[in-house]
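Take a walk through this structure, one part at a time. Keep the sequence at hand.

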Amino acid sequence: MRTRVRPRKGAVMKIGIVGKGGVGKTTTSALLCQVYARRGQRVLAVDTDSNPNLALSLGLSPEAADRIPVLPRSLVVGTGNGAISPSDLLRDYGVPTPSEVTLLNAMAITQAGAG
């Protein structure tokens, strides 16, 4: 017997995928995002990997993945000062993907030793 759990209206779920390199975090993340998006849920993926593989897994081209704006470091590690609302953050930095998932890129390596 299968039990299907439906989120209540307005419910928010946050899922973090972490672990050492090479264990399938990106693949698992992309699959979870796509499943929830196909179920009609709004999905926001926040990629903290410097390689744009999640963008590629969500259907963006390598060129489009390279153009994703990176969240400013102050927004990633700061406590927030209310200077930007969540909707403004998504408008300015969120990228829609062919998988119906909005993607935020929170990491980029701009110089050697900076990752």
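In which helix does Gln-34 lie? Gln-34 belongs to helix H1, residues 25-38. Helices here are DSSP runs of H or I with at least four residues, strands are runs of E with at least two, and both are numbered from the N terminus. The model is predicted: local features need pLDDT of at least 70, side-chain atom pairs count only at pLDDT 80 or more, and totals for chains, interfaces and linings use all residues. Residues are numbered from 1 along each chain as its sequence is written, and side-chain values use heavy atoms, with hydrogens and water left out.

Gln-34 is buried, at a relative accessible area of 12%. Buried means under 20% relative accessible area (1.4 Å probe, protein chains only). Leaving aside neighbours within four places in sequence, Gln-34 is in contact (heavy atoms within 4.5 Å) with Ser-57, Leu-58, Ser-99 and Val-101.

Follow Leu-58 next. Not counting residues up to four places away in sequence, Leu-58 touches Ala-30, Cys-33 and Ala-45, among others. Leu-58 is also among the residues with the most contacts inside the largest nonpolar core, which has 15 residues. Such a core is a set of buried Ala, Val, Leu, Ile, Met, Phe, Trp, Tyr and Cys residues joined through side-chain atoms within 4.5 Å. H1, helix H2 (53-57) and helix H3 (62-66) each give two or more residues to this core. H1 supplies the largest share, 3 residues. Apart from this core lies another, of 5 residues, including Leu-71 and Tyr-93.

Definitions and conventions. Buried < 20%, exposed > 50% of the residue type's maximum accessible area, 1.4 Å probe, protein only.
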